[in-house]
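This report describes the strands, the core and the chain contact of the structure shown below.

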Amino acid sequence: MVLNMGPQHPSTHGVLRVILELDGETILSAKSVIGYLHTGIEKSCESKTYSQCITLTDRIDYLAPLSNNLGFCLAAEKLLGIEVPKRAQYIRVLMTELTRITSHLVWLGTHAIDLGAMSVFLYSFREREEIMKIYEYVSGQRMMTSYFRIGGLALEPPPGWLDRVERVMDAMPGHIDEYEDLLTKNRIWLARTQGVGVFSAADAIAMGASGPLLRGSGVAYDVRRAFPYSSYEEFDFDVPTQTAGDCYARYQCRVAEIRESVKIVKQAMNKIPSEGPFRAEVPGIIPPSREEMKTSIEGLIYHFKIFTEGFAPPPGEVYQAIESPRGELGVFMASDGSPKPYRVKFRTPSFVNLQSLPNLCVGRLIADAVACIGTTDIVLGEVDR
Amino acid sequence: MESQERGQKEEAPAVGKLRQWDTNAVAEVVEFRGETTIVVPREHIRRAAEFLLAEPSLQFTFLSDITTVDRFPLEPRFEVNYHLLSIERKMRLRLKVRLAGNDPIVLSVTPVWPTANWHERENFDLFGIRFEGHPDLTRILMPDDWEGYPLRKDYPVEGFR
């Protein structure tokens, strides 16, 4: 029998269609049909200036907008050869780690609902809300923050923001214990996840899996560690791995990653100098401060030129990868020397990870397919772009 | 001049190994912002991929991405970029194949890296590159009956009306 799962199915977390070929309740083959959310972001980027593209990147992975901002900005900065001030780098680290926490919390809550554990969702969204309030306080937006800009940040963080971050982060380890109390030794949870969707390390690498999907299979590859960016080499953190390669191992990895992120955020809080520039000073490329724009003629000219025609990086191609909550997010950017990117490609982890779905669920029951889709942690906006 | 010299001094190990293995497999080497790009002639791409994967001192076991740049109206029009990663050696490498606009066909690397399957389908879907030997070369993001290749430069941003 052939069963059409989706495109409108609550456990597909978006608009994903999976064609399952079944023998009784056993899955013989699984074929993903994607593209329902294709919005042509890469094509749109080609007709916008570099700075204008940033708002589009928020919308690729709407659960981790700051990670996308970071990937895009780092690629553009690499192309331009710009060094970002340390203060901005640490703030970027702090904000992207908060993003990792919120993204993993959404994953935890929705994945648990998929498998019948309703209550975890209520707890994890409670903490997510607190972090969303920090986003709003710092950038003015809860979700589509566009807070990172080429060369640094959009604006100076407001006074007292670090106190708010500290309050949330101090409470976080206790909350993680709460989730673990609900799930880690829960017999139903173990039965639904242990031994389900086993993915060997060799297969994971061959299928290009990254993020917790790869680390759950025992490969300790984390872009933050292997190719540090934004000063990650100065931070002390572990890369959690598990060897079982099943849904439970990936669950353990993600929970451990939340704890590591809390650690990184706390280190970043201590590192961020209270004063200093929040963006690089490169005339003609990075907008001048409001003060300078209003008092100096050069500042006014640069401001006008940057916001009307943009800036032109030298011709060339770069590939910049970052560790988004879902895995390796790569941004390939080609410039032809004009103020608009000639080509931008987002190598999104969800797209590549979803490809592994048949490896995870063939030979198992339909109910396991739900667990497998959940555990790959896909965001369909990111799959289709 | 200076940067060129420095580039040659710190030549990525993959370049030397690939050249040693087959001098014809390296048509051009580009160094930009610390990234190495090797331009590989079209007929060598599958063999070069197999070599880079198997060579013990390189171990490019992980294919991050395949993406195309359309240089229309220049010829050769298409540049297919393969982003390789060696987890073991902590190295990245970009392979580039140039394809003519009237003949955008290249051998598939799906037998070498299974992950290439969807990447190649995406490049077929959006650029019309044909990957010979691909198990299922169908559209992936656009509807099956779509006409044209949206990411080509001669395709308008707002689509055909």
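Two strands are said to pair if DSSP finds at least two bridges between them. In this predicted model, such a bridge links Tyr82(B) to its partner Leu95(B) in β5(B).

**Strand β4 of chain B**

Tyr82(B) is one of the residues on one side of β4(B), together with Phe78(B), Val80(B), Leu84(B) and Ser86(B); Glu79(B), Asn81(B), His83(B) and Leu85(B) lie on the other, and all of them are buried. In a regular strand the side chains alternate between the two faces of the sheet. Because nine of the nine residues of β4(B) are buried, the strand is largely enclosed by the rest of the structure.

| Strands | Sense | Bridges |
|---|---|---|
| β3 (62-70) and β4 of chain B | antiparallel | eight bridges |
| β4 and β5 (91-99) of chain B | antiparallel | nine bridges |
| β1 and β2 (17-23) of chain A | antiparallel | four bridges |

Leu85(B) is the bridge partner of Phe62(B). Four residues separate β4(B) from β5(B) in a hairpin, and Lys90(B) in the turn has a positive phi of about 50°.

**A sheet in chain A**

Chain A holds an open sheet of three strands in the order β1-β2-β3, with antiparallel pairing. Its edge strands, β1 (2-5) and β3 (26-33), each pair on one side only. On average, neighbouring strands of this sheet are turned by 20° against each other, direction ignored. Within the sheet, Leu3(A) stands opposite Leu20(A) of β2(A).

**Core and chain contact**

The largest nonpolar core has 148 residues, of which Ala76(A), Met333(A) and Leu95(B) touch the most other members. Helix α4 (86-114) of chain A contributes the largest share, 13 residues. Beyond its neighbours within four places in sequence, Met333(A) is in contact with residues including Ala75(A), Ala76(A), Leu79(A) and Val344(A).

The contact between the chains takes 33 residues from chain A and 26 residues from chain B. Among the elements giving two or more residues to the chain A side are β6 (316-324), β7 (327-335) and α14 (349-354). That side divides into 14 nonpolar, 10 polar and nine charged residues.

**Confidence**

The model scores ipTM 0.87 and pTM 0.91. Chain B averages a pLDDT of 86, and 94% of the residues score at least 70. Within chain B, confidence is lowest in helix α1 (2-9), with a mean of 45, and highest in helix α4 (116-127), at 93. Residues 1-8 of chain B have a pLDDT below 50, and this stretch has one contact in the model beyond near neighbours in sequence.

Methods: Residues numbered from 1 in each chain as written. Chains lettered and ligands numbered in written order. Predicted model: local features only at pLDDT ≥ 70, side-chain atom pairs only at ≥ 80, totals over all residues. Core = buried A, V, L, I, M, F, W, Y, C linked by C-beta atoms within 7 Å. Buried ≥ 20, exposed ≤ 12 C-beta atoms within 10 Å, placed from the backbone. Contact = placed C-beta atoms within 7 Å. Nonpolar A, V, L, I, M, F, W, Y, C, P; charged D, E, K, R; others polar. Axes fitted to C-alpha atoms, helices over the stretch in contact; angles between N-to-C directions. pLDDT = per-residue confidence, 0-100.
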